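The following exercises are meant to be worked with the sequence and the coordinates open side by side.

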Amino acid sequence: MKPNYLVVKYIIVSFLLGTTLLSCKKNTSDGGKTTTSDFGKIGYFANASASTNIKVDGLANHDSPVNTVAMNWTSATVWVEKISFIGKNEQSLDTTIMVEKNLNIFNTEALVGVIKLPTGSYKDINVKMFCRKSPKSEFAFSFKGTFLNTKGVKDSLMVGSSYPFTADLKVNDIVINGSDNYKATFHFDLTKVLTGISNVALETTARYYIINGKKQYVIWKGGSKDEPFYDQVINNWQNVASIVITKDRPNPDW
């Protein structure tokens with residue numbers, strides 16, 4: 001009787017083990033269903049607009065104390081460390097992409113990279129752009145340009161930072177389909193960099209140097225010392241940067 005008992009036990013154990021393996025295999029193939037087709041490709045780009053404010057009789061309109069300095073930006077770079085996407089659909093979205101590039105945002109729609117997001121409809125998306133000084137000593141951001149001062153003379157201005165900062169980006173609700181390509185455009189509106197800073201305020205408060213007989217004003221944070229207008233410029237970054245995601249034509253390079 002003992003040998004028969006062992007045989008029966010062996011058969012039962014083998015049956016249960018086989019059933020368990022079959023179940024696991026079925027769950028792996030049929031459950032979850034997360035394949036490459038369940039993600040949509042998004043190419044992300046960067047560009048900038050830098051139209052100056054309206055001028056009056058060739059001079060910057062400085063009559064109003066809240067008027068923004070009318071800048072002619074000539075160069076603009078941003079060193080982006082990473083960008084995070086947090087949104088909601090059937091399941092929560094929490095994705096961070098590493099960029100680690102110094103973007104010349106005057107380059108027309110230069111491709112920054114490609115990411116993949118799970119398919120679905122996303123609302124209440126929170127996008128954050130993290131900027132900091134790069135290991136190659138490229139600044140978190142560096143903008144340079146010229147403007148007409150209150151006397152009608154052209155002066156220059158440098159705005160930038162070595163300190164890290166985060167910009168909260170506005171983004172539209174999106175629907176991602178696995179069979180489509182999408183385009184995320186990170187736009188930088190440089191007309192908003194100096195919002196609330198007038199010519200009079202800049203010329204009477206900001207630091208400046210005399211270079212070749214011309215004034216070069218500076219709003220630049222590189223140390224712990226307080227910098228006039230710097231906090232205001234960083235606050236303005238919440239409106240400088242934005243993002244729009246649209247469906248794009250297929251791109252074989254993606």
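## Exercise 1: the nonpolar core

Identify the residues that touch the most other members of the largest nonpolar core.

Solution. Of the 57 residues in this core, Phe143, Phe188, Leu194 and Trp237 touch the most other members, where a nonpolar core is a set of buried Ala, Val, Leu, Ile, Met, Phe, Trp, Tyr and Cys residues joined through side-chain atoms within 4.5 Å. Strand E4 supplies the largest share of the core, 6 residues. The model is a predicted one, in which local features need pLDDT of at least 70 and side-chain atom pairs count only at pLDDT 80 or more, while totals for chains, interfaces and linings use all residues. Residues are numbered from 1 along each chain as its sequence is written, and side-chain values use heavy atoms, with hydrogens and water left out.

As a next step, take Phe143: leaving aside neighbours within four places in sequence, its contacts (heavy atoms within 4.5 Å) include Trp73, Ile105, Leu157, Leu190 and Trp237.

## Exercise 2: aromatic pairs

Classify the ring pair of Phe188 and Trp237, then that of Tyr208 and Tyr217.

Solution. The whole structure holds 11 aromatic pairs, defined for rings of Phe, Tyr and Trp (its six-membered ring) by centres within 6.5 Å, with planes under 30 degrees apart stacked, over 60 edge-to-face and the rest tilted. For Phe188 and Trp237 the centres are 6.0 Å apart and the planes at 80°, so this pair is edge-to-face. Because Phe188 lies in strand E12 (residues 181-189) and Trp237 in helix H3, the pair ties together parts 49 residues apart in sequence. Both residues are buried.

Tyr208 and Tyr217, by contrast, form a tilted pair, 5.6 Å centre to centre with 50° between the planes. Tyr208 is partly exposed at 41% relative accessibility, whereas Tyr217 is buried at 1%.

Methods. Buried means under 20% relative accessible area, exposed over 50%, partly exposed in between (1.4 Å probe, protein chains only). Helices (H or I, at least four residues) and strands (E, at least two) are DSSP runs, numbered from the N terminus.
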